[in-house]
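Me: I should like to go through the reasoning behind the descriptions of this model, one label at a time. Please set each value against its criterion before concluding.

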Amino acid sequence: MKSETRHDVSPISWEGYAQLKQQGTTWFAAGLSGFLLILIGVPVAMVIIMSLRTGFPGEDLPLTLENFIEVYFNAGTYEILLNTLIFAVASISVALFFTVPLVWILMRTDIPFKKTIYVLLTVGILIPVFLRTIAWILLLSPRIGLINLWLQKLFESSSPPFNLYSITGMAFVQGVSFVPGAFFMLAAAYRSMDPSLEEAAYTSGVGKLKTFLKINIPITLPAIAAVMVYLFMTAIAVFEVPAIIGMPARILVLSSLIYNSTTPSTGLPSYGMAGAYGAIMLVLGLALASLYVRLVKQGKKYTVITGRGYRPREIALGRWKWAALAFVFFYLSIEVFIPFLVLLWASMLPYLQLPSAAALSSMTLKHYVEVPLHVGAQPFINTLILMFTVPTLTMILSVLISWVVIRTQVSFRGFLDTLAFIPHAVPGILMAVGMAYLALAYRDVFPLYGTVFIIVLAHTINWIAYGTRTTNSVMIQVHRELEEAGRVSGASSPRVLWKIVLPLIAAGVLNSWVWIGMLSYREVTMALTLYTRHNVVISTVVWQFWGSGWVPQVAALGVILILFATIVVGTVRVVLSRIGEIGEAS
Amino acid sequence: MKKMRGTVIPLLALAVAIAWVGSAQAGPLEDLVAGAKKEGAIEFYGPSTLGPDGAQALSQAFNKKYGLNIKLGYSPSGNMTRDTAKVIGLSASGVAPEWDIMVVTDAHHGSLWLRKLHKSFDYTQLGVAKERIEYDNGAVSVANQFALPAYNKKLLPAKDVPTKWEDLLDPKWKGKLGVINSTHHFARLAAGPWGEEKTTAFVKKLAEQKPILGRAGEMAQRLILGEVLISATLQDSQIHEAAESGAPLAFADAIQPVISPEYNVGVLKGAPHANVATLFTAFMASAEIQPIWKKHAGQSSAYVPGTDAYKFVQGKQVVYMKQDQAKLIDKLTRDYGKIFGFDR
């Protein structure tokens, strides 16, 4: 009788337990969705309301479609949209041309000086995009570009071979600056690639290049596609290169229009117009988010990591290592060496000059002494707060979101993923304006206006999209059997996440943590929109200097910044390397 | 006794009258000083060319003059247009401004005045000359900028330096000119000596020269590098900075009329430290700030005899902006921005 009772009760308890667990997961996912909905939805809602209003946010004016009519009934808008698409596609092409081989070379081969290259790649990220752009003006401007002048002399040509002031020129500079970001996103996927497929190819006598094209690229296609989707949205939203190269030559893209609407050269800003232009991005973003969700679904086909040990074997390059090194050196030259040398040169001049004997004789270190005194300590402290807080918050949220999206069967996980992608569809500047007015309207209960934490919040929201794309990419490749094994052993879902999933994806998460920290350090648009004199960060100081035409001072600050960030990132990498290694080895 | 009363009463009445007049004259100043002591601080927004050292020098001179110990917080301008808009936006949201006073151009103060965002005060009571006061007692003139075509002395031969505005339309400059986003420079010509029709035609022809566009600071760099041979206008702030660093920039100073935007200072409506701000505004109109402003920001007032600006304008046709031109200049600034391609 007793055994009968036990027999009757036991299955019911298991079912009940499983049901409770499922319910717990659903409730957790619902709570997370609700939190994200508020976090992302409220500033986005402010932006949408803004697009339906004229005047300034806060002014009590009726809703209107005036902005949309002005934007969408203007033929010029579509020309600019076309410019934007060409710029985005060209930038992505440049970025992928460098990124895919770089990732493969660094993650899967035995190329020498790997650690040095990795450090240099990180240093490249630390050079703010607009400083890099200035460097390229000095090199490729049709009138004064050193490379152009040199080639004209060499080939006795009357016209310069390169014109930086074109969409191609813009795409080149932007594309190169995308490479480190794309590298970090793809690196984790390549590192985790199943070597057995390559080994099979080599055993069958297939060459390295063919294996790279036929095995490596297809196997990481979801990750590459995710990177492309992400870069596409970024390319549409970036404004520094379009502002410095495009606007002087009247080459307008969508981001310049939005920037001009909120920060006009003449007159007062039209936030409503910015919102209406931003709507194009929002629609594109949502379409791409839906595309991304489909890619994630297909990702299951590419699951290659199992519990059977997955550390990939390095491929011996042999005599190809010199070609690989040359490729890496070429990339590093245009990404790091040349911009840094130009910065260094500019920082030691009383005013910006092309290299000459007179310029050499006028070199000085005075900007290095004067600039830190002018800037003070507060911007550095605020920047450090950003560099640590933003990536930590972003990655915690990203891991939780990806876990629900990739590892659970919650019915609304697609919605959650799309929700996490929405911030990338909203231009940072609009998100920041939405945040600012939210903080102003509810300043009594939400006293963040004018503090560094409002920038922390804006950055965190903005990079949830990036964080979740990375954590999605790496989580896709962790096979479910590991978690199932954990669950069969009686571990709870949080324990499985903490003990099994997290160690497996730690390397990818740490890479993203560092990368988001650096993005936060150099981000200028949102920080500029939200800054007051109490929450100044270094990027806003640099931008102010640039606006004032203090290029040598900007260059000196740039060099100091690069050293500052190299020390911070280097320290963080050393401290976290053990955790990273644990993550990789697990 | 009667005789005495007849003498004493008028004397007493005179004494009372003198005391009353005296108190009426000293009253506002004393009240402001007393109020300023209580407030103890001021948030000051000004040109970045002034720099922290210049702001501190102003602060010290101010404290010394009135026997105060006011702490001055200096916010250097990154973009006056954007920051003026920020003040307007904050006001629309019902939030107090971030700064107590703003030193921006008269065109920017025009934007504030059109939206009634000044805290007005009769500055003549504090000894400020009437001609220095603008925008219905909302702003006071501090210093004059000058805007003219500028070039690189090392790269442009003397024979090619333009001597009149129309020289900029010579086809030989096509693609080699620059235009800065301060399109209010041309709007001032339109509201003043040239009139709207002539100026608009000039602006359109200038735009056909396909100039490189940019902000003043950037344009100065492009001129120094030789990317641009002539900037259609540049401000004396850039010339001053270039001179300090040894960069070869110069004004084409044979050209007339000379455009003179003014740096005005005004107290913002809802300023948290209104007494210090009002007192500081009056102080900014005094002759003693001129050497400080000249040393750090590079300009001086054309209204104060003996200053460089005063000497510069003698015998020249100079275009000043008046408050009744604010609306037209505001409109034309945007129109010209669109013609050049800065905005849509």
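Me: How many residues of chain B are in contact with chain A, and how many residues of chain A take part?

Reply: In this predicted model, 45 residues of chain B are in contact with 36 residues of chain A. A contact here requires C-beta atoms within 7 Å. Several elements of chain B each supply at least two residues of that side, namely strand S2 (71–76), H3, strand S8 (212–214), helix H7 (216–225), helix H8 (236–245) and helix H12 (326–340). The largest share, seven residues, comes from H7(B).

Me: What makes up the side of chain B that touches chain A, in terms of nonpolar, polar and charged residues?

Reply: The residues of that side divide into 15 nonpolar, 22 polar and eight charged. Gly is counted among the polar residues in this division.

Me: How do you know that the span of helix H3 of chain B agrees with what its residues should give?

Reply: The helix covers residues 80–92, which is 13 residues. The expected span is 1.5 Å times one less than the number of residues, and for this helix that comes to 18 Å. The end C-alpha atoms are 18 Å apart, so the two values agree. H3(B) is followed by Gly94(B), whose phi is positive, near 75°.

Me: Why is H3(B) called mostly covered?

Reply: A residue counts as buried if 20 or more other C-beta atoms lie within 10 Å of its own. In H3(B), 10 of the 13 residues are buried, among them Met80(B), Val87(B), Ile88(B) and Leu90(B). The buried residues of the helix pack against strand S3 (101–105) and helix H4 (106–114) of chain B.

Me: What makes H4(B) largely enclosed?

Reply: Eight of its nine residues are buried, so H4(B) is largely enclosed by the rest of the structure. The buried residues include Asp106(B), His108(B), His109(B) and Trp113(B). After this helix comes Lys116(B), with a positive phi near 55°.

Me: Why are S2 and strand S4 (133–134) of chain B said to stand at the edges?

Reply: The open sheet has six strands in the order S2-S1-S3-S12-S5-S4 (chain B), with mixed pairing. S2 and S4 of chain B each have a single partner strand, so one side of each is left without a neighbour in the sheet.

Me: Which strand pairs in this sheet run parallel, and how is each joined?

Reply: S1(B) and S2(B) pair in the parallel sense over six bridges, and the bridge partner of Gly46(B) in S2(B) is Pro76(B). The chain crosses from S1(B) through helix H2 (residues 51–66) of chain B to S2(B), and this β-α-β crossover is right-handed. In S3(B), Ile101(B) is the bridge partner of Phe44(B). Strand S1 (residues 41–46) of chain B has five of its six residues buried, so it is largely enclosed by the rest of the structure.

Me: Which strand of chain B runs antiparallel to strand S5 (residues 139–144)?

Reply: Strand S12 (residues 262–267) of chain B runs antiparallel to S5(B), and five bridges join them. Ala139(B) stands opposite Gly266(B) in S12(B).

Me: What is known of the two domains of chain B and where they touch?

Reply: The domain assignment gives domain 1 (5–142 + 262–313) and domain 2 (147–259 + 325–340). Their centres, taken over C-alpha atoms, are separated by 31 Å. 10 residues of domain 1 of chain B are in contact with 10 residues of domain 2 of chain B. On the domain 1 side, the residues divide into five nonpolar, five polar and no charged.

Me: What secondary structure does chain A have, and what share of its residues counts as buried?

Reply: Chain A has 25 helices and zero strands. Of its 586 residues, 51% count as buried.

Definitions and conventions. Residues are numbered from 1 along each chain as its sequence is written. Chains are lettered from A and ligands numbered from 1 in the order in which they are written. This is a predicted model: local features need pLDDT of at least 70, side-chain atom pairs count only at pLDDT 80 or more; totals for chains, interfaces and linings use all residues. Helices (H or I, at least four residues) and strands (E, at least two) are DSSP runs, numbered from the N terminus. A residue is buried if 20 or more other C-beta atoms lie within 10 Å of its own, exposed if 12 or fewer, and partly exposed in between; C-beta atoms are placed from the backbone. Two strands pair if DSSP finds at least two bridges between them. Domain bounds come from an automatic or database domain assignment. A crossover is right-handed if, with the strands pointing away from the viewer, the path from the first strand over the helix to the second runs clockwise.
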